[in-house]
Amino acid sequence: MPTPTLHTDLLLLEPYQPADADDFVALLADPEVGRFMGDGPMTVSDAADLFGRVFSRVYADDLFDVWAVRRDGRYVGHAEIKRTDDVEGHELVYALAQPAWGGGLGTELATALVRYGFDRLDLPRVYATVADANHASLGLLAKLGFVHQQDVTEEDGTVTRVLALDRDA
């Protein structure tokens, strides 16, 4: 099933279009945005390659849902929900561009992803993995009811927190 378009009060989540390439690359190559994502900020080249794979693999093979996040028609971030063996379930992934920080959009975005996971994918539980230094995301997820499950020490010595939210919570 192709990635659907989702609406919240302030946000539009829709499948990426080729014209979103520059915004996607700028977001994932931003050192402040990327410092808590995966292995850290991406190079422009790696982010561009990843954007290509969104179309050539993720959408083409219907692997998981990936959205461009917009507010008032402007790109403000990225979101996805995907199966991962790291937590034996589905993980929420989201990132907002710096100008969108601090205005409650992260909470609205994470809420939309949780709702989608429970209501549309019929998941019993959703997960999030967050760097222990990412206090903003940890606080946001705690506010939504996510509960700490375990810590994972990464190869570089940093700690990633695994959080979960049950549908019945």
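Which residues form a negative surface patch? The views below show a predicted model, in which local features need pLDDT of at least 70, side-chain atom pairs count only at pLDDT 80 or more, and totals for chains, interfaces and linings use all residues. Residues are numbered from 1 along each chain as its sequence is written, and side-chain values use heavy atoms, with hydrogens and water left out.

**View 1. The negative surface patch.** Asp39, Asp85, Asp86, Glu88, Glu154, Glu155 and Asp156 form this patch. Asp39 sits in the loop between helix H2 (31–34) and helix H3 (44–59); helices are DSSP runs of at least four residues, strands of at least two. Asp39 counts as exposed because its relative accessibility is 86% (exposed means over 50%, buried under 20%, with a 1.4 Å probe and protein chains only).

View 2. Glu88 lies between strand S4 (74–84) and strand S5 (89–96). Its phi is positive, near 55°, although Glu88 is a residue other than glycine. With a relative accessible area of 67%, Glu88 is exposed.

View 3. The loop joins helix H4 (105–120) to strand S6 (125–131). Asp122 is not a glycine, yet has a positive phi of about 55°. Asp122 is exposed, at 55% relative accessible area.

**View 4. Strands S5 and S6.** These strands pair in the parallel sense over two bridges; pairing requires at least two bridges found by DSSP. His90 has Val126 of S6 as its bridge partner. Five of the seven residues of S6 are buried, so S6 is largely enclosed by the rest of the structure.

Key. Patch = residues over 30% accessible without salt bridge, like charges linked within 9 Å, V, L, I, M, F, W, Y side chains within 5 Å. Areas by Shrake-Rupley, 256 points an atom, 1.4 Å probe, with all protein chains shown as cover. Salt bridge = Lys/Arg side-chain N within 4 Å of Asp/Glu carboxyl O. Lys, Arg positive; Asp, Glu negative; His and termini not counted. Charge placed at Lys NZ, Arg CZ, Asp CG, Glu CD.
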